Number of protein chains: 2
Amino acid sequence: MSATYLDIVKETDCVPYPGQAAYATEVEDSSYIFLSHDGVPIGRIVTAVVQQIKKEPDSFEVSDASRSVRIVIDTLEARNKLFADLALRWKNENLFAVLLGWRDELYTVYNPTTVPYFAVERAAAALFGVVTYGIHIVGYIPSHKSKDGELKIWVPRRAYNKATFPGMLDNMVAGGLGNSCGILETAIKECGEEAGLSVEYVTPRLKAVGVITYFYRHTYEDGLALFQPEVEYIYDLEMEPDTIPQPTDGEVAEFTLMSGQEVVKAMKAREFKPNTALVQIDFFIRHNIITPENEPDYIALLQSTHRRFEYPTR
Amino acid sequence: MSATYLDIVKETDCVPYPGQAAYATEVEDSSYIFLSHDGVPIGRIVTAVVQQIKKEPDSFEVSDASRSVRIVIDTLEARNKLFADLALRWKNENLFAVLLGWRDELYTVYNPTTVPYFAVERAAAALFGVVTYGIHIVGYIPSHKSKDGELKIWVPRRAYNKATFPGMLDNMVAGGLGNSCGILETAIKECGEEAGLSVEYVTPRLKAVGVITYFYRHTYEDGLALFQPEVEYIYDLEMEPDTIPQPTDGEVAEFTLMSGQEVVKAMKAREFKPNTALVQIDFFIRHNIITPENEPDYIALLQSTHRRFEYPTR
């Protein structure tokens with residue numbers, strides 16, 4: 001049987017919510033809450049990682065009674081150094097499979113909201129279960145500009161040699177938000193790198209249209225299922241019918257112009273990278289393609305793609 | 001100090017979330033969970049209402065130990081009759097101030113999702129803390145069609161004799177979703193009643209663009225603070241520059257064409273009906289007016305206006 005949209009969303013927003021019965025067994029029993037030095041929850045750390053953190057008593061205070069890990073370092077600079085050293089050491093000791101995807105790129109954790117609290121290697125963020133951020137851009141030709149009068153969406157296939165989700169379908173442009181990088185700035189830069197679109201072309205056409213937020217949990221090759229609360233800033237990019245996006249950085253194998261029905265079919269056949277499908281669903285909802293009349297899970301789709309976290313965010 | 005967008009949202013999505021410390025004191029201590037006959041949570045009933053329900057032992061099973069009210073009637077027809085009789089009796093006995101706003105209009109409660117479980121008088125829904133549904137339509141002229149090149153929004157002022165929020169600003173068209181009424185059907189009908197727009201004008205222009213969901217709690221004249229989880233289906237209606245909406249049913253005093261900045265100013269001065277402001281904020285986010293660059297609470301705004309309920313929905 002073909003997947004429903006809600007099946008697809010629930011595979012990505014797969015962590016139980018506080019107050020649900022499964023929250024105790026699936027979340028609390030398998031992890032410790034990660035606290036800032038001033039006691040604010042900022043992530044979820046699985047017990048296998050907590051065992052390693054116990055070896056760092058100068059930096060972290062671990063309580064088995066309250067199942068919490070509190071960072072005791074109270075300056076940004078010292079925290080940045082701590083996480084840089086720790087991630088590199090764990091990588092060199094080959095402790096966790098997730099670090100095989102080392103990116104040499106820093107992500108920022110916030111506390112309180114909007115204030116950088118520390119930076120951490122992108123591949124190591126999931127070990128601490130902290131919120132990470134990306135941008136996704138849906139490139140489309142609206143029906144009134146389309147040659148056959150039907151809305152079209154530019155869909156790339158990920159390069160077959162990518163570390164994650166090789167060969168799967170994706171959004172026209174997507175990328176992670178690095179430490180101290182602006183959101184719109186990253187979106188514009190990625191349009192150049194991933195689709196060969198110039199700053200002049202993109203700037204007047206790029207429209208911020210919201211975020212999706214979901215709480216993912218992914219099992220890595222060593223069997224560790226790490227917590228990954230994620231925020232994706234969403235942009236619509238209305239393309240001219242004669243503009244062809246060009247892969248330039250090797251991350252994309254090819255671009256295809258697809259109708260809404262073709263996207264739906266590919267999505268339900270699980271050809272899309274999972275969180276990418278959520279962005280397409282969000283696009284379909286905002287563009288009157290998925291409607292209250294044709295979708296029984298309309299409300300749940302919007303709620304599960306805008307999930308509240310218990311942690312401060314950017 | 002002028003309100004932030006998040007201040008405005010939080011006044012409407014004002015009930016603590018499960019897992020937050022305030023959930024126990026503000027929600028659990030002041031109310032009982034309302035269960036379907038098959039044990040599914042469908043609402044929140046404040047203790048003063050529970051005292052009245054205890055007088056109906058043939059219809060409800062009340063447990064003080066588990067702080068729950070379970071309806072024991074297992075057919076739709078019998079439940080419909082029960083709630084019709086109970087609401088009318090409580091109204092005639094003048095038990096609750098909320099029933100002074102009697103509408104003689106039925107709302108539907110769902111269990112499981114999408115399946116009608118019972119119908120209840122609109123004014124009585126809050127006594128059971130069940131989810132209610134409405135439609136909101138933002139009528140706007142996009143910048144490329146606007147005479148001065150700036151996006152404009154049609155904003156009505158509510159009639160000064162309305163029972164609720166008289167004289168406040170509102171969305172162009174809004175209305176409750178009555179029992180067995182379609183969503184799009186209601187949207188089209190309300191466009192005629194509230195703005196004098198024909199079916200022929202509205203049908204090709206009306207675009208479904210999502211829902212907002214929030215958990216409101218309102219204190220009535222008798223001091224009871226009732227739980228009101230609400231879903232509003234949102235539509236954008238792109239208007240032609242020469243179309244002037246006309247109040248026809250007496251619910252609207254006047255329509256004004258406002259710029260985005262004028263709407264923001266009025267919203268922050270608290271001139272909008274509270275949940276209406278949430279719809280305008282959602283519109284601003286979807287139309288690149290509120291952006292990640294100009295709004296520090298961007299993520300929280302989207303999460304708080306798409307709140308997950310613990311109850312089945314339409």
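These questions and answers walk through a predicted model, from its aromatic rings to its chain interface and salt bridges.

Student: How many aromatic pairs does the structure hold over all chains?
Tutor: Rings of Phe, Tyr and Trp pair if their centres lie within 6.5 Å. Over all chains, the count of aromatic pairs is 34.

Student: Is the pair of Phe215(A) and Tyr311(A) stacked or edge-to-face?
Tutor: The ring centres of Phe215(A) and Tyr311(A) are 6.3 Å apart. Planes over 60 degrees apart count as edge-to-face. Here the planes stand at 75°, so the pair is edge-to-face.

Student: How many residues apart in sequence are the parts that Phe215(A) and Tyr311(A) tie together?
Tutor: Phe215(A) lies in strand E10 of chain A, residues 206-219. Tyr311(A) lies in the segment after helix H10 (298-304) of chain A. The pair therefore ties together parts whose separation in sequence is 96 residues.

Student: Does Phe215(A) count as buried or exposed, and is Tyr311(A) buried or exposed?
Tutor: Buried means under 20% relative accessible area. Phe215(A) has 3% relative accessibility, so Phe215(A) counts as buried. Tyr311(A) has 6%, so Tyr311(A) also counts as buried.

Student: Which chains does the pair of Tyr298(A) and Tyr233(B) join?
Tutor: Tyr298(A) and Tyr233(B) are stacked, 6.2 Å centre to centre with 20° between the planes. Tyr298(A) is in helix H10 of chain A. Tyr233(B) is in strand E11 (residues 225-238) of chain B, so the pair joins chain A and chain B.

Student: Over which ring does the charged end of Arg205(A) sit?
Tutor: Chain A has such a case in Lys268(A), whose charged end sits over the ring of Tyr5(A), 4.3 Å from its centre. For Arg205(A), the distance to the ring centre is 3.9 Å. That ring belongs to Tyr201(A).

Student: What area do chain A and chain B bury between them?
Tutor: The interface brings 37 residues of chain A into contact with 37 residues of chain B. Of the buried area, 61% is on carbon and sulfur atoms. The area is about 2,800 Å².

Student: Which residues in chain A lose the most area to chain B?
Tutor: Three residues together account for 23% of what the side of chain A buries. They are Ile299(A), Gln303(A) and Arg308(A).

Student: How many salt bridges are there between chain A and chain B?
Tutor: The interface has 10 residue pairs in polar contact. The salt bridge count between chain A and chain B is zero.

Student: Is Lys152(A) buried or exposed?
Tutor: Lys152(A) meets Glu150(A) in a salt bridge, 3.9 Å from N to O. Glu150(A) is partly exposed, with a relative accessible area of 37%. Lys152(A) has 12%, which is under 20%, so Lys152(A) is buried.

Student: How far apart are the closest N and O atoms of Arg70(A) and Glu61(A)?
Tutor: Arg70(A) is partly exposed, at 23% relative accessible area. Glu61(A) is partly exposed, at 43%. Their salt bridge has its closest N and O atoms at 3.1 Å.

Technical notes: Residues numbered from 1 in each chain as written. Chains lettered and ligands numbered in written order. Predicted model: local features only at pLDDT ≥ 70, side-chain atom pairs only at ≥ 80, totals over all residues. Heavy atoms only, no water. Phe/Tyr/Trp six-rings, centres within 6.5 Å; stacked < 30°, edge-to-face > 60°. Helix = DSSP H or I, 4+ residues; strand = E, 2+ residues; numbered from the N terminus. Buried < 20%, exposed > 50% of the residue type's maximum accessible area, 1.4 Å probe, protein only. Lys NZ or Arg CZ within 6 Å of the ring centre and 35° of its normal. Contact = heavy atoms within 4.5 Å. Buried area = accessible area lost by both parts, 1.4 Å probe. Salt bridge = Lys/Arg side-chain N within 4 Å of Asp/Glu carboxyl O. Polar contact = N/O pair within 3.5 Å; in protein donor to acceptor, adjacent residues only side chain to side chain.
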